[in-house]
Amino acid sequence: MKLSGALQETFNDQINAELASAFLYLSMAAYFEAEHLPGFAHWMRMQNE
């Protein structure tokens, strides 16, 4: 099955948004670890998943 160009572009945009969010959560987790806030860091890592 071949996707239309518009649908494929929409899927790619969504995948890119999800990856960007995942990296943002990981960077926030690293920040909270550095600030000695392990609970917040754990929550951010869980959001990444």
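User: Is L26 buried, partly exposed or exposed?
Analyst: The model is predicted. L26 sits in helix α1. Buried needs under 20% relative accessible area, and exposed needs over 50%. At 37% relative accessibility, L26 is therefore partly exposed.

User: How much accessible area does the nonpolar surface patch with L26 have?
Analyst: L26 belongs to a nonpolar patch on the surface.

User: What share of the chain's accessible surface belongs to carbon and sulfur atoms?
Analyst: The accessible surface of the chain is about 4,200 Å². Carbon and sulfur atoms account for a share of 63%.

User: How many helices and strands does the chain have, and what box do its C-alpha atoms fill?
Analyst: The secondary structure consists of two helices and zero strands. Along the principal axes, the C-alpha atoms fill a box of roughly 50 × 15 × 10 Å.

User: How far does α1 reach from its first C-alpha to its last?
Analyst: Helix α1 has 30 residues. At 1.5 Å a residue, the expected span is 44 Å. The computed reach is close to that, at 43 Å.

User: Which residues of α1 are buried, and which helix do they pack against?
Analyst: Across the chain's 49 residues, 10% count as buried. In α1, the buried residues are A22, A29 and F32. The buried residues of α1 pack against α2.

User: Which residues does A41 touch, leaving out those up to four places away in sequence?
Analyst: A41 lies in helix α2. Its relative accessibility is 0%, so A41 counts as buried. Beyond four places in sequence, A41 touches A29, F32 and E33.

User: How far apart in space are A41 and E18?
Analyst: In sequence, A41 and E18 are 23 residues apart. From C-alpha to C-alpha, the distance is 19 Å.

User: Which residues do the ring pairs link into a cluster?
Analyst: A search of the whole structure turns up two aromatic pairs. Ring pairs join into a cluster made of Y31, F32 and F40.

User: Which side chains form the salt bridge, and at what distance?
Analyst: Side chains of opposite charge can pair when their charged atoms come close. The structure holds one salt bridge. R45 and E33 form a salt bridge, with an N to O distance of 3.1 Å.

User: Which helices hold R45 and E33?
Analyst: The pair links distant parts of the chain, with the two residues twelve residues apart. R45 is in α2, which covers residues 38-48. E33 is in residues 5-34, helix α1.

User: Is H36 buried or exposed?
Analyst: The cut-off for exposed is over 50% relative accessible area. H36 has 69% relative accessibility, so H36 counts as exposed.

Conventions: Residues are numbered from 1 along each chain as its sequence is written. This is a predicted model: local features need pLDDT of at least 70, side-chain atom pairs count only at pLDDT 80 or more; totals for chains, interfaces and linings use all residues. Side-chain values use heavy atoms; hydrogens and water are left out. Rings of Phe, Tyr and Trp (its six-membered ring) pair if their centres lie within 6.5 Å; planes under 30 degrees apart count as stacked, over 60 as edge-to-face and the rest as tilted. A salt bridge is a side-chain nitrogen of Lys or Arg within 4 Å of a carboxyl oxygen of Asp or Glu. Helices (H or I, at least four residues) and strands (E, at least two) are DSSP runs, numbered from the N terminus. Buried means under 20% relative accessible area, exposed over 50%, partly exposed in between (1.4 Å probe, protein chains only). Contact means heavy atoms within 4.5 Å. Accessible areas come from the Shrake-Rupley method with a 1.4 Å probe; for residues, only the protein chains shown count as cover. Patches are made of residues with over 30% relative accessible area and no salt bridge: like charges are joined within 9 Å, nonpolar side chains (Val, Leu, Ile, Met, Phe, Trp, Tyr) within 5 Å. The expected span of a helix is 1.5 Å times one less than its number of residues.
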